[in-house]
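Work through the exercises below with the coordinates open. Each task is followed by a stepwise solution.

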Amino acid sequence: MRLRLRAAVMALLTDPSIARLKDAPKLAAVVLYAKSRAPKGAKSDNQTSIWVAELGRWLGVGESTVHRNVLGPMRATDGLHTKVVTDAQGHPTGLDCLVMPLWRARNEGGVAHPLALSKAELATLLRLIEALFGPGWSPEGKEPTPPGLLAGRRGKGAATDRLGLLLMVLNTRASGWLQLCGGSVKVREGRVAATLARLLGCSPAGARKVLARLAEAGVVAREHRDTATRMRGKGRVMLLPVAHAYGRRSRFLEAVQEPKPSFSVRPVSAVGDHGQADDAAALGTSGIGGAEGAGDAAVQERPDSAELHADHASGVTPVVPPRLSGGFSGEGRGGEGRRPERACAVEDQTVDGETAMAGSGSPTADADPLRGEKPKKSPVDEQEQAGAVAAGAGARLTVVGGRKTQQRRSELPADLDLRVALTPVAWLWQGLNRWQQHRVVEAAKLELAQLRNVLEWPAQAPSLLAARLKSRLEETGGEALVTRAFGWITHRGLVRRPSCSDVRCDDGARLDTGADCDNCANILHSRRAWRVRIAAEVDQESPGLEADARYQEIEARMRRHAEAEAADFVARQAEARQRAERRAAARAEAEAQAAVERERAAAEAAVRQAVACEDCGRQQSAGLCEACDHRRKAEVLIGEAGLLAATWSADPSDPVAVAAVAAEVRTAIEAAIAASWVEFQQITDPAALEAAGPGAVEDAAAHTAMLTAESAAAEYRHEALVMLGRSEDAQAEARKAYATELAKPWHQALPDSDDALRAATEAAARAQTRTAEHLLAVRLEQLHTQARPTPVRPAPWSQRLPELAVRPLHGEALEMIA
């Protein structure tokens, strides 16, 4: 039954519509699935009736959270369909929910699908989740249903804890021990956290927090197995509800259930004289298992050699004199529970209000100097090791001296490029707080981006930045001499130190090749040349000058020369800025002028658009509406088609024959246009066409006529080319091209071969086509010339003057001449 239920729950959680959701919607899907109705015969009713508030009690959240974070995301991914049920007055009485993975499983997958559970199996799953985290009921006239183990766990993370407990129970055998995952896991994470992380689909750190909360609630217990070498073995987790259900009794459960005295018998795993107590109270912890505090969500699995420091009480509590177990060194120190000298006074306090004495907090507790023993490890080393373990525990906030410590992240960033680049300063990285680490990451990313821009192979940027940090550390003398890690990394380690103006220069070396910078060599050569020149000038002007005075004069002149170069550089920079400003101003002026031109063009277009059509008078047509434009184009195409037909079927010099052919072509095209318009009306709804606008019918008719005329003109052109290609001129050109191709030297050896004949045939076809196109162009030009009206030129003045001279003048003109 456990395997069957586990397969069903995992199939539900891994469904594509559920797998992308958070833990609260996943738990809601499980609850609704368990409360769904089982199929009855051929009828399959997959719905579930529930109240939103009742579903929130199952999940441990409020009603608004259910609406916002549960039902909404599940509807968005098609994982859930809901319907509000109302009574006769319209008041809501419930919510019908349909879990879509279950519906698809029963309607498509059949009885073999893992989600297709029977009525008894669904009842068992519902009874299981009721026992784990059911809210509990007190119905009238019936026995009350007690709340589940996690019914009191509400608020943030409640759904995650309940879902994690359910999955762990389904993966636990009758022994009560959780079945751990296989494979390799990180020692810092632990196999238990890795197992729960795989079940919940979260990170090991989040799974560790869930385990800690479940241990604090008393439903799971964590311990480490004993080994023959008396060292701590592998960690494991016991599900206490499962162990109680099967009546399992072990020393682990006894340690949880039965109170122990302050100092119990030393267990097998104790080392040295100071053995660990066998229960949690002896170690001063409130959790289960003793070795790890279950109440702290940030406590993580530790390596075998690391021990967790005892939690200290916030104030001094009364100390009960311990009962001596005998044989332990240092037991006869009286009832005050004092430590030896040089021990911290706060270590004398009890833990969590228990009567047990807290474990030794001194780093040399296992090697008492009063007994003449020497510590095997330095106290400083042990403190550093404990600090490293605490740093790996997930940046936990602890109280030291009344103040909270800053959060730190001991590991380098997860990004591979950043990890490679910052490896030389890994020790300095551990000393940075979280804010400083973020700033270092941003600076490293910026420097990597700059390196990728100048390198031929961008993938070399991380290793090159790591080499830079390493060389900077060598200059400093090592990480131990760095007093301020954050300032050193951001202002000295990561920054590029160019020796010239080349962006690829860093400390006189090329970033892309690693060789010496040529530009730096040029600058050095120039400076040396200037020094030689200035020295020669000084020797020429003052030949008897002493060595010290000569050196001072040379340095003074070199200084003045450097100042002049700097002033010239500043002047050139100012000039460059002025040029940039002028370019920006010119660019802005050009953009403004372009904007004005665009506005002017838009205004002119608006004016043109307001002009009525020249042919039909339609307003807002820009001088010619669409229908009239199509009609004009159709008329031109019809005339062109008539001339194309006349090029081969009539004598171009006979206008009567050309006009007759053009009339026949026009009649044929107009008939085709009428047939096309009838066909268009048959396939188009007249009501929809009229509803499109007042001129929609005319536009459609004109467009149909233009398309028909285009098609007819293309057909007549093709026919003209074919007919002209059969003319004597075209055939003669084809024969000449055929003979010319066969007469070429490379065909002389085999003139009757397939290749020669194929080449000659292709040449003849090309010549025939070119001739037909030439004839068509010439005849069309002749026909266009005949159709074009002949311009009337005025007679010359030598002919017009005699005619004007014999004309009688008007009476007024005669009087003026007289």
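**Exercise 1.** Find which residue of β3 stands opposite Leu-80, then place the strands in their sheet.

Solution. Step 1: Val-99 in β3 is the residue opposite Leu-80. The model is predicted, with local features requiring pLDDT of at least 70 and side-chain atom pairs pLDDT 80 or more, while totals for chains, interfaces and linings use all residues. Residues are numbered from 1 along each chain as its sequence is written, and side-chain values use heavy atoms, leaving out hydrogens and water.

Step 2: β2 and β3 (residues 92–99) run antiparallel and are joined by seven bridges; a pair of strands needs at least two DSSP bridges. Strands are DSSP runs of E with at least two residues, helices runs of H or I with at least four, both numbered from the N terminus.

Step 3: The open sheet has three strands in the order β1-β3-β2, with antiparallel pairing. Because β1 (47–50) and β2 (80–86) each have a single partner strand, they stand at the edges and one side of each lacks a neighbour in the sheet. From one strand to the next, the twist averages 25°.

**Exercise 2.** Describe how α3 packs against α4, and state at what angle.

Solution. Step 1: α3 and α4 (residues 52–59) pack at about 110°, their axes 10 Å apart. Axes are lines fitted to C-alpha atoms, for helices over the stretch in contact, and angles run from 0 to 180 degrees between N-to-C directions.

Step 2: The two helices α3 and α4 are therefore roughly perpendicular, the class for 65 to 115 degrees; under 35 is roughly parallel, over 145 roughly antiparallel, and the rest oblique.

Step 3: Ala-24, Leu-27, Ala-28, Val-31 and Leu-32 of α3 meet Leu-55, Trp-58 and Leu-59 of α4, contact being heavy atoms within 4.5 Å.

Step 4: α3 (residues 23–34) also lies across β1, β2 and β3, at about 100° to β3.

**Exercise 3.** Which residues have the most contacts inside the largest nonpolar core?

Solution. Step 1: The residues are Tyr-33, Leu-55, Ile-129, Phe-133, Met-168 and Leu-239, in a core of 67 residues. A nonpolar core joins buried Ala, Val, Leu, Ile, Met, Phe, Trp, Tyr and Cys residues through side-chain atoms within 4.5 Å; buried means under 20% relative accessible area, exposed over 50%, partly exposed in between (1.4 Å probe, protein chains only).

Step 2: α3 gives the most to this core, with nine residues.

Step 3: Beyond neighbours within four places in sequence, Leu-55 contacts Ala-28, Val-31, Leu-32, Ile-50, Val-66 and Leu-71.
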